[in-house]
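This report describes selected features of a predicted model.

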Amino acid sequence: MAHELSDEFLGFRLAQSFELRKLGLLYYVQASSETLGDALQRVARYCTIHNEGVNLTYRRARYISMTCKYVGVARALDRHQIEFFIAALVRLCRQLTGRHLGPSRIKLMHRRTEVPFEFRTFFGCDIVFGSDIDEVAYPADSARLSVVGADPYLNSILVKYCDEALASRQARSSAWRLSVENAIAPLLPHGQARIAEISQRLGVSTRTLERRLAAEGMTFSRVLDELRFDLAKRYLREQDLPISEVAWLLGYRETSAFNHAFKRWTGKSPKQAHSESAIVQFPLASSG
């Protein structure tokens with residue numbers, strides 16, 4: 001949809017007008033909490049009631065932070081959903097506290113060559129793209145801010161309903177290919193996207209990971225190859241990214257290796273595709 005509308009910031013803009021109460025039970029269990037910290041803990045615990053593809057984690061240390069992890073959904077090619085989520089979360093914190101509360105920092109795993117003016121104006125904090133985590137953080141004392149609509153009695157009832165809803169949901173088994181893709185993506189620029197590292201991060205042995213991918217008709221090398229191709233197509237649309245940097249982002253130590261891979265995928269050189277600025281969807285050749 002974003003491509004059809006030619007709107008690079010569709011998710012962010014939709015979050016500006018989204019009616020937060022449409023989150024239903026998830027919204028009201030937060031809005032009736034006593035403090036912002038309580039509200040954020042509730043959304044982290046109960047977020048799967050609203051969206052099983054997102055896992056939120058609340059942490060409180062030097063900062064209070066909310067980190068987002070995709071479950072059974074590919075993260076590497078997404079921009080709009082995560083930007084919608086982060087913008088909606090910031091709006092929610094402001095609405096709950098009745099303050100124009102600004103985050104301390106925001107980190108996002110996908111890349112943008114520069115921070116858009118609209119983002120700087122709305123968030124009012126540092127935004128790091130191409131990070132290894134999706135996170136929004138606030139000063140630690142923000143956790144103690146009162147929620148303007150706090151209602152402890154209502155909250156206790158809603159927490160009970162949320163616990164029941166959570167217990168009644170069956171955990172959906174995520175596709176291993178997607179789990180591998182999501183683990184690979186942040187490691188590519190560092191040259192660490194190897195099966196031993198990925199299996200360790202997913203908590204299984206290398207042999208188990210190979211077996212589970214095989215059950216889905218995949219291999220690790222093919223997952224890596226296809227993810228690199230998908231990311232290459234995106235990066236080459238960004239005219240400000242030199243081909244040498246695209247190669248680095250995809251985990252190639254030498255630009256020549258990227259050139260060879262891209263020609264195998266498309267029959268074209270990255271330079272040709274980059275200059276065209278619109279890449280045809282060629283079928284991916286088998287990686288063997």
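Helix 9 is followed by Gly 217, a residue whose phi is positive, near 75°. Within helix 9 itself, which spans residues 206–215, the buried residues are Thr 208, Leu 209 and Leu 213. Seen down the axis of helix 9, these buried residues fall within an arc of 130°, so they line one face of the helix. In general, an α-helix has 3.6 residues a turn, so residues three or four places apart point the same way. On the other side of helix 9, Arg 207, Arg 211 and Ala 215 are exposed, while the cover over its buried residues includes helix 7 (176–184), helix 8 (195–201) and helix 10 (220–236).

The model also contains an open sheet of five strands, which has the order 1-2-5-3-4 and mixed pairing. Its edge strands are strand 1 (54–60) and strand 4 (126–129), each of which pairs on one side only. Neighbouring strands of this sheet are turned by 10° against each other on average, with direction ignored. Strand 3 (residues 105–108) pairs with strand 5 (residues 134–139) in the antiparallel sense over three bridges, and the bridge partner of Ile 106 in strand 5 is Val 136.

| Helix | Strands touched | Angle between directions |
|---|---|---|
| Helix 3 (residues 36–50) | strand 1 and strand 2 (63–70) | about 155° with strand 1 |
| Helix 4 (residues 80–97) | strand 1, strand 2, strand 3, strand 4 and strand 5 | about 15° with strand 5 |

Terms used:
Residues are numbered from 1 along each chain as its sequence is written. This is a predicted model: local features need pLDDT of at least 70, side-chain atom pairs count only at pLDDT 80 or more; totals for chains, interfaces and linings use all residues. Side-chain values use heavy atoms; hydrogens and water are left out. Two strands pair if DSSP finds at least two bridges between them. Helices (H or I, at least four residues) and strands (E, at least two) are DSSP runs, numbered from the N terminus. Axes are lines fitted to C-alpha atoms, for helices over the stretch in contact, and angles run from 0 to 180 degrees between N-to-C directions. Contact means heavy atoms within 4.5 Å. Buried means under 20% relative accessible area, exposed over 50%, partly exposed in between (1.4 Å probe, protein chains only). The arc is that of the directions from the helix axis to the C-beta atoms.
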